[in-house]
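Please look over the model below before reading on. My notes follow as numbered points.

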Amino acid sequence: MRLATFNLLHGRSLSDGTVHADRISAAVADLDADVLGLQEVDRAQPRSGSLDLTALAASAMGATHHRFAAAVVGTPGQTWEPWHSGADIAHPQYGIALVSRYPVSRWQITGLPAAPMRSPVYVPGGGLLLLRDEPRVLLAAVVETPDGPVTVATTHLSFVPGWNVRQLRAAVRALRALPAPRVLLGDLNMPAGPARAFTGWKPLARAATFPSPSPQTQLDHVLVDPRGAAALGRVVQVRTPAGPVSDHRPLVVRFDRR
């Protein structure tokens, strides 16, 4: 079984700043993941050609089970508001997604509130800016693998130090309601050490993922709840392949259950 997490940067290429469906499909297909967590996912956004990036990734994987969970309606960095039930598929939305080659017997979405203050963030070309934090979301699925159910979740946590810890703890509490083994995939905006210290969950891969041209730090993680973790088997391969899109590299973990 292969699990992967990938912050898509809405499918944008760093080489020319554009979004092309074939590049996104190629990047996802190269991962050969059975379950893939995606962050910075667009749907109906003009900046990404109004593509449904979740459906595009599912097609590239040959997966029929997938779900998109919007965090905001509108466009981050421009005009947006927290996601609300009045938003339909015609509204530009932005969030996370989970795609599975295995059947999914249950989905769960948990909201993670935004930090209440603006925080300084370095934006390439724009310098240091005070930015309003976006609300976040946790998307979890009970995946029916050939060896039994596995809870797999994904999230993209705040860039605000301390607030992302609060969100991470809330995510772990929410996942306790779902069956073990439990795995969390995502861009946590913190290194592996703090992620483990604040949750008690074990990082399954230590590899730099950001920035993609020459990774210096690990923001993207695969964490497992120690309770029931043995059922996943042992990790036999970790990959962070360079791809044609995003400022993050994907993180792929392969298990052997034999």
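How exposed is Arg101, and what is its relative accessible area?

1. Arg101 is partly exposed, with a relative accessible area of 29%. Here buried means under 20% relative accessible area, exposed over 50%, and partly exposed in between, with a 1.4 Å probe and protein chains only.

2. Some ground rules. This is a predicted model: local features need pLDDT of at least 70, side-chain atom pairs count only at pLDDT 80 or more, and totals for chains, interfaces and linings use all residues. Residues are numbered from 1 along each chain as its sequence is written, and side-chain values use heavy atoms, with hydrogens and water left out.

3. The whole structure holds ten salt bridges. The criterion is a side-chain nitrogen of Lys or Arg within 4 Å of a carboxyl oxygen of Asp or Glu. One of them pairs Asp32 with Arg2, with the closest N and O atoms 3.2 Å apart. That pair links distant parts of the chain. Asp32 lies in the loop between helix H1 (21-31) and strand E2 (35-43), Arg2 in strand E1, and they are 30 residues apart. Helices (H or I, at least four residues) and strands (E, at least two) are DSSP runs, numbered from the N terminus.

4. Asp32 also meets Arg101 in a salt bridge, at 3.0 Å from N to O. This pair too links distant parts of the chain, being 69 residues apart. Arg101 sits in the loop between strand E5 (93-100) and strand E6 (104-112). Shared partners join Arg2, Asp32, Asp34 and Arg101 into one salt-bridge network. On accessibility, Asp32 is partly exposed at 32%, and Arg2 is partly exposed at 26%.

5. Asp16 and Arg23 form a salt bridge, their closest N and O atoms 2.8 Å apart. Asp16 is partly exposed at 41%. Arg23 is partly exposed at 22%.

6. Is Thr5 buried or exposed? Thr5 is buried, at 0% relative accessibility. The residue belongs to strand E1 (residues 2-7). Its side chain reaches the backbone nitrogen of Gly186 at 3.2 Å.

7. Which residues form the positive surface patch? They are Arg166, Arg169, Arg173 and Arg176. Patch members have over 30% relative accessible area and no salt bridge, and like charges are joined within 9 Å. The place of a charge is CZ for Arg. Arg166 is in helix H3 (residues 163-175). Arg166 is exposed, with a relative accessible area of 54%.

How values were computed. Patch = residues over 30% accessible without salt bridge, like charges linked within 9 Å, V, L, I, M, F, W, Y side chains within 5 Å. Areas by Shrake-Rupley, 256 points an atom, 1.4 Å probe, with all protein chains shown as cover. Lys, Arg positive; Asp, Glu negative; His and termini not counted. Polar contact = N/O pair within 3.5 Å; in protein donor to acceptor, adjacent residues only side chain to side chain.
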